[in-house]
Amino acid sequence: MNETALLVSIAGAEPVIRGWDLSTGASLWSSMEELPDCNDAVLVGLPDGRCILAVSTEDGVERWDALTGDPLDLLDSSDWTIWGMKSALFPDNRTVLLGAGQNHAIYRWDLATGEQVGAPLRGHNTSVLSVEFIRLSSADSVIVSGDDAGYLIRWDAVTGAAIGLPVEGHSSAVRAISHLATAGGGRLFASSDAHGEISRWDAVTGERVGEPLATTSDVHLLATACPSGTPLLLAAGASGTIRTWHAYTGELIDLSLSGVSVAALDQPDGTTLVAVGTAQGEIKVYSVSE
């Protein structure tokens, strides 16, 4: 398995992709062509050592070899726009890309082959904007999706069957969903909406956990981290401030980070690297230990 820690940026009025070695800061590659648009991006390491970058654009879901910048085949979404994406490790050890579709459906692709995994999942009545994968055990996994009307649906990741009824989780569009992992796993997830409210949920029961976390501004990105085993939830949005909470207690934590986007990577030594993108196009990387 290649041990390069990658940082990929997709930025600009006409988005261009750039990749860096996070440990050295060295530039690895830059895309030769500008993207037509960028709705979301996912960077996924495969068991065979490859690293795939998937980007949802108005032309479909495009892919690159993230270590070399070589383009790969498009993923088929039947010409529908894919808004949000997440990666998933299925119980059969396939690495799957999940896509939230404009046509009310959730798509699944095998990232190693590019082929669709089963039929699209249908149950939403409006555009699906966000999706997440939660592995509960070696045999059980849940997909959670959120739509433009504020509804959340849980799905059995193996069978594709809906679990229970759709839940009206928010009064506005569900912008982002994130699994609240701990050092030993976890069954909670968080969802955020266009009004800046963040709710936490039990993936097994579908019930809300604790009080909503209010931010007073649009939250469009969620990230989670476990520095020294402490579960953190980080939110980026229109305010320009990265807000951070203890993921399970809801206690607000001051990391004094400013930016409009955020991503986190837990390290083997217990620290977490947090990458923050600013409105000026800069990327700042911080090391968080607790």
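In this predicted model, the lining of the largest cavity divides into seven nonpolar residues, one polar and one charged. The residues concerned are L152, I153, R154, I163, L165, V167, F189, W201 and G206, and the elements that contribute two or more of them are β14 and β15, the latter spanning residues 162-168. The volume of this cavity is about 70 Å³, and a search of the whole structure finds one cavity of 30 Å³ or more.

In soluble globular proteins, nonpolar side chains tend to be buried together. Here the largest nonpolar core has 15 residues, among which F90, L98, F133 and I143 have the most contacts inside it; β9 (95-101), β12 (128-135) and β14 (151-156) are the elements that give this core two or more residues. A second, separate core has 14 residues.

| Nonpolar core | Number of residues | Residues including |
|---|---|---|
| Largest | 15 residues | F90, L98, F133, I143 |

Leaving aside residues up to four places away in sequence, L98 touches G84, M85, K86, A88, Y107, R108, W109, V131, E132, F133 and I143.

H179 lies in strand β16, which covers residues 174-182. Because its relative accessibility is 15%, and buried means under 20%, H179 counts as buried. Its contacts, again not counting residues up to four places away in sequence, are with E132, F133, I134, G186, R187, L188, F189 and T224. Among these, F133 is one of the residues with the most contacts inside the largest core, while F189 is one of the residues that line the largest cavity.

Key
Residues are numbered from 1 along each chain as its sequence is written. This is a predicted model: local features need pLDDT of at least 70, side-chain atom pairs count only at pLDDT 80 or more; totals for chains, interfaces and linings use all residues. Side-chain values use heavy atoms; hydrogens and water are left out. A nonpolar core is a set of buried Ala, Val, Leu, Ile, Met, Phe, Trp, Tyr and Cys residues joined through side-chain atoms within 4.5 Å. Buried means under 20% relative accessible area, exposed over 50%, partly exposed in between (1.4 Å probe, protein chains only). Helices (H or I, at least four residues) and strands (E, at least two) are DSSP runs, numbered from the N terminus. Contact means heavy atoms within 4.5 Å. On a 1 Å grid over the protein atoms alone, a cavity is a set of points where a 1.4 Å probe fits but cannot get out, and a pocket is an open set with protein on both sides within 12 Å along at least five of seven lines; lining residues have an atom within 4 Å of a point. Grid points are joined across faces, edges and corners, and a volume is the space filled by probe spheres set on the points. Ala, Val, Leu, Ile, Met, Phe, Trp, Tyr, Cys and Pro count as nonpolar, Asp, Glu, Lys and Arg as charged, and the others, Gly among them, as polar.
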